[in-house]
Amino acid sequence: MGQNTQPNFDSVLGRIVVEQGLSTLEEVQQCVERQRASVVEEGTNPPSLGDLMVEGGVVTRSQLERIKPLAEEVGRGQQISGYRIIKKLGAGAMATVYMAEQLSLDRIVAIKVLPRKYNNNQQYIERFHAEGKAAAKLNHPNIVQAFDVGKAGEYHYFVMEYVEGRTVGDDLSSLGRYEEKDALQITIQVARALDHAHKAGFIHRDVKPKNIMINSEGVAKLADMGLARAESDREAAEAEKGKAYGTPYYISPEQIRGQLDVDTRADIYGLGATLYHMVTGKVPFDGPNPSAVMHQHLKADLVPPDELNQNLSAGICEVVEACMAKDRDKRFNTSADLLEDVEAVANGESPLQARMKFDIASLAALEDKADPAQQNPATDPRQAAGAPLASHPLFWLAVAGWVVACAAVVVAVIVANS
Ligand SMILES: Nc1ncnc2c1ncn2[C@@H]1O[C@H](COP(=O)(O)OP(=O)(O)OP(=O)(O)O)[C@@H](O)[C@H]1O
Ligand SMILES: [Mg+2]
């Protein structure tokens with residue numbers, strides 16, 4: 001078995017063994033003492049703490065092999081000066097997130113560390129630093145606060161507020177779905193976060209259940225705001241292959257098409273898709289692979305949320321549908337409009353902005369249908385014959401005469417019978 005050459009690897013390994021409850025601090029300390037006391041011949045390495053712990057029966061070989069990659073990662077993270085890495089919190093498609101102590105301020109933070117492969121992408125690294133710095137200026141109770149970006153050795157990192165709690169993605173995995181009122185409260189808070197960020201010129205581009213954290217007081221916080229995306233949205237989506245809660249489930253049609261002018265309405269789509277999942281327990285579109293899912297975002301009709309959950313109010317369904325219109329002109333114009341409607345539905349009122357959008361969309365659809373005939377009336381005989389007749393004043397005079405005649409007959413019958 002090869003030696004690990006990182007100076008602090010052994011101490012990290014020992015700490016993880018204790019933190020994971022594999023053995024007690026005393027047992028690990030005994031192994032550390034044995035390591036110190038070992039007589040090392042010149043030119044050879046001292047026994048590793050891992051080997052000593054296996055020999056001493058403190059951990060099994062397979063437990064050691066399982067935690068070694070984690071100890072290596074944490075050891076690497078400890079090279080970030082000014083921070084002490086405490087443990088790994090999780091990993092997504094592009095990075096690993098650690099809990100750490102910021103030594104100067106004596107506070108707990110979360111640090112997202114990028115893998116080294118991103119170092120070759122100079123353009124991305126520049127964006128990562130620029131957007132991270134800009135995001136640090138945002139300040140909102142429903143946004144996971146970005147603190148800093150930096151580089152330590154070969155690793156670029158993003159320091160942010162540590163949120164003790166869980167993600168909406170975790171809840172959906174365990175609960176299936178939320179009650180409507182709970183989903184509305186989360187959506188209100190995320191819409192407030194988006195409103196704040198959008199007004200400051202940020203677009204999130206990846207609003208999804210795994211990026212909404214719920215802290216121990218039940219406050220929802222949008223994570224990864226200001227975290228630049230490494231690939232195009234489509235590439236990022238495809239990189240999610242096989243993941244249960246991957247990006248393609250919430251991505252907007254314009255991001256799938258690779259449009260360069262993606263705007264704040266992509267986030268409205270992402271939040272709508274997230275709300276759909278929260279209240280139905282199902283992603284809006286599913287398929288055997290990311291391409292199939294993305295194809296449906298582009299082409300397939302949405303199964304109305306109340307077909308999957310009959311308890312839903314009409315209002316929430318209207319809101320979801322107005323968020324998830326494939327044509328972004330038919331979505332809420334702004335996150336402020338969305339917020340207004342979600343608050344209305346939460347108060348038992350109607351979502352007026354969504355209705356207005358729906359009315360305008362239906363009018364536009366009617367106009368579209370009418371259009372070809374207007375351009376060339378002779379091509380549609382129904383339009384050519386029907387429209388002029390209904391709009392002719394004599395037509396309405398004849399209708400009025402017919403109504404008066406009918407009334408006269410009715411009166412005559414009544415008089416005759418009395
Ligand atoms: N600020 C934070 N505080 C506490 N835990 C966090 C924080 N940010 C992320 N995490 C945890 O780390 C995990 C990984 O986060 P990360 O953003 O890397 O991936 P993701 O959002 O889950 O997925 P993806 O990479 O697909 O976007 C999260 O699921 C969450 O559990
Ligand atoms: Mg994330």
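This is a predicted model: local features need pLDDT of at least 70, side-chain atom pairs count only at pLDDT 80 or more; totals for chains, interfaces and linings use all residues.
Visitor: How many residues surround ligand 1?
Guide: A residue counts if its C-beta atom, placed from the backbone, lies within 6 Å of the ligand. Gly90, Gly92, Val97, Ala110 and Lys210 are the closest. The whole group comes to 20.

Visitor: Which strand gives the largest share of the shell around ligand 1?
Guide: Strands here are DSSP runs of at least two residues (helices, H or I, at least four), numbered from the N terminus. E1 (83-91), E3 (107-113) and E5 (155-161) each supply at least two shell residues. The largest share, three residues, belongs to E1.

Visitor: Which element has the lowest mean pLDDT?
Guide: pLDDT is the predictor's confidence in each residue, from 0 to 100, and the protein chain averages 84. Helix H10 (residues 265-280) has the highest mean, 98. At the other end, with 38, sits helix H16.

Visitor: How far apart are the end C-alpha atoms of helix H14?
Guide: H14 covers residues 335-346, which makes 12 residues. At 1.5 Å a residue, times one less than the number of residues, the helix should span 16 Å. The model agrees, because the end C-alpha atoms are apart by 16 Å.

Guide: Residues are numbered from 1 along each chain as its sequence is written, with chains lettered from A and ligands numbered from 1 in written order. Local features need pLDDT of at least 70 and side-chain atom pairs 80 or more, while totals for chains, interfaces and linings use all residues.
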